Every structure is written in C-alpha cells, then in structure tokens.
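Me: I have a model open and would like to talk it through before I set anything up. Can you take me around it?

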Amino acid sequence: MSFIETPSPNFDARTAPPDMIVLHYTGMNSGQAAIDRLCDAEAKVSAHYVVEEDGRVFRLVAEERRAWHAGKSFWKGRTDINAASIGIEIVNPGHEWGYRDFPDDQVEAVIGLLDAVRGRWDIPDGHILGHSDVAPARKEDPGELFPWKRLHEAGHGLWVEPPAAPGAPLGVGDEGTGVFALQAGLTRLGYDSAPSGQFGEDTAAIIRAFQRHWRPANVDGVADGDTRARLVHLLRAAAS
Ligand SMILES: [Zn+2]
C-alpha cells in the first residue's frame, strides 16, 4: 500500500521489536489538525500512522522507531506500551467533538495497513488493542463504534459471540469470590486488574473498556452474564 510521508520529529529508539498494535481515534475536529499536532515537536506526541476518513494513510514514524502515542498504559504486565507497539491513529472527532461511524474506505485502509504491518512483525491477535484497553481509566478510543468484529473477520484481532449467559450482574460495590474471579480473568486477558475481590470504580472503568471493544451494544461498566461469558470465550480464543 502507498503512504503519504509526513515525518514527525517525535520518536526515540525501541529496545525490542514491536509485538503489539494500539488503535486510536484522533479526537480532533479534523485529520489535518491531528497530523499537525502529531508532527509538532512541542506537543511530544506521535503515532506511526494516521488513517484519514477517505482511506489515505500518512506515515509519521518508521515502524523501527518508538512513537509516543500510548502514554501511561499497561497490558499483560508491561507498562512501556510505546516500546512494544505500533500506534495507528484513525481520524474521527471522538466522543468530545461528535463521535461518528468509521467510513468503509477508512476501515478498509486500516485492514490493509494491519495486513502490511503484521507481514513484517510477529503480532498475535490478542495484542491488537484499543487505547482504552491499555489505559481504561483515562481513554475511550477508538470507542464502541469501531468495527472490531469486521477486523476479526478480515483476520485481525480477537472476537467471540458466545450464547446468551445467565448470571447475576456484578457492579460497583459488589465484593466476593465472583468479583475476584472476574478480576483474575481480566488480568489474564491483559488488563491492569489485580484481583482484590472488591468491585470499585477502577474495575468499572476496565469493564467499560472491555465492553467498548468486545460488547459494544451496551457499555455500562456492569459485568453482566453476557460480558462475563465473552471474557471466558476470549480467554479460550487467546490461548488457542
Ligand atoms: Zn489514543
């Protein structure tokens, strides 16, 4: 695929090859405004790629370099997610400026970009994540409108649709072995969710991030039976 070269000065050296991809939305009024910021030395932020709504792909940082897109983040015990990942910014105004559907041309371009990136690096499906997955207390992007299921059908990332599962919902204020098991499962998948048995606001934020990615029809931070069934099936899919 072809790129529009738009070099950013905001990068440094990797310490190991990337084995993760983090998807973002730009969260600004226009794609150009986002690119300008990602190339501004004062802003100290960047990404490897920006994908416009019309499908154009801008390359800002070489994949061999460490771009600055994830901030304080965590997945599977690792905290320098910038060092481990390729960052892709997908143009969308986001929840703050008028969140809207990702156009087909843009989604096709993201899929083509994932094909290319994964042809160069060893990146498992369980390491294709949203910014909200690695920073659930701070971030909502790329959000519940992002078509993760379609990505999976194109060969990228995990997706499960288990049968409807009964079970009492777990939410803020609940405690006990059910909450402990839930947190252990979230930790095993990758989230920063050390089991305490207490369902606090931190767990609710992680459940919302989980739902934005894997149960977008209802993002409410409550671990109902369906949410928990999806977690269990994802753990199986990630292990296979
Ligand atoms: Zn982001």
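Predicted model: local features only at pLDDT ≥ 70, side-chain atom pairs only at ≥ 80, totals over all residues.

Me: OK, metal first: which residues coordinate the zinc ion?

Reply: His 24 and His 131, each through ND1, and Asp 141 through OD coordinate the zinc ion at 2.1 Å. Donors here are N, O and S atoms within 2.8 Å of the metal (3.2 Å for Na, K and Ca), and since water is not among the atoms, sites may look incomplete.

Me: And what spacing do the donors follow along the chain?

Reply: The pattern is H-x106-H-x9-D. The two histidines link distant parts of the chain, with His 24 in strand β3 (residues 20-25) and His 131 in helix α5 (residues 131-134), 107 residues apart. Helices (H or I, at least four residues) and strands (E, at least two) are DSSP runs, numbered from the N terminus.

Me: Are His 24 and His 131 buried or exposed?

Reply: Both His 24 and His 131 are buried, where buried means under 20% relative accessible area, exposed over 50% and partly exposed in between, using a 1.4 Å probe and protein chains only.

Me: Switching to aromatics, how many aromatic pairs are there?

Reply: The count is seven aromatic pairs, taking rings of Phe, Tyr and Trp (its six-membered ring) as paired if their centres lie within 6.5 Å, with planes under 30 degrees apart counted as stacked, over 60 as edge-to-face and the rest as tilted. Tyr 25 and Tyr 99 have ring centres 5.6 Å apart and planes at 55°, so this pair is tilted.

Me: Where do Tyr 25 and Tyr 99 lie?

Reply: Tyr 25 lies in strand β3 and Tyr 99 in the loop between α3 (94-97) and α4, so the pair ties together parts that are 74 residues apart in sequence. Tyr 25 is buried at a relative accessible area of 12%, and Tyr 99 is buried at 18%. Tyr 99 also forms an edge-to-face pair with Phe 102, at 6.2 Å centre to centre and 80° between the planes. One aromatic cluster is formed by Tyr 25, Tyr 99, Phe 102, Phe 146 and Trp 148.

Me: What about the largest nonpolar core, which residues have the most contacts inside it?

Reply: Those are Ile 88, Leu 189, Tyr 191 and Trp 214, in a core of 51 residues, a nonpolar core being a set of buried Ala, Val, Leu, Ile, Met, Phe, Trp, Tyr and Cys residues joined through side-chain atoms within 4.5 Å. Helix α4 (residues 104-120) gives the largest share of this core, seven residues. Apart from it lies another core of eight residues, among them Leu 38, Val 50, Val 61 and Val 91.

Me: How many cavities of 30 Å³ or more does a search of the whole structure find?

Reply: The search finds one, with about 30 Å³ of space, and its lining includes Asp 141, Pro 142 and Trp 148.

Me: Last topic, the backbone: what kind of peptide bond joins Asp 141 and Pro 142?

Reply: A cis peptide bond joins them, with omega about 5°, and Pro 142 sits in the loop between α5 and α6 (148-153). Lys 44 has a positive phi of about 55° although it is not a glycine, and Lys 44 counts as exposed at 56% relative accessibility. Most residues other than glycine have a negative phi, and most peptide bonds are trans.

Definitions and conventions
Residues numbered from 1 in each chain as written. Heavy atoms only, no water. 1 Å grid on protein atoms, 1.4 Å probe; cavity = no way out; pocket = protein on both sides within 12 Å on 5 of 7 lines; lining within 4 Å. Points joined across faces, edges and corners; volume = space filled by probe spheres on them.
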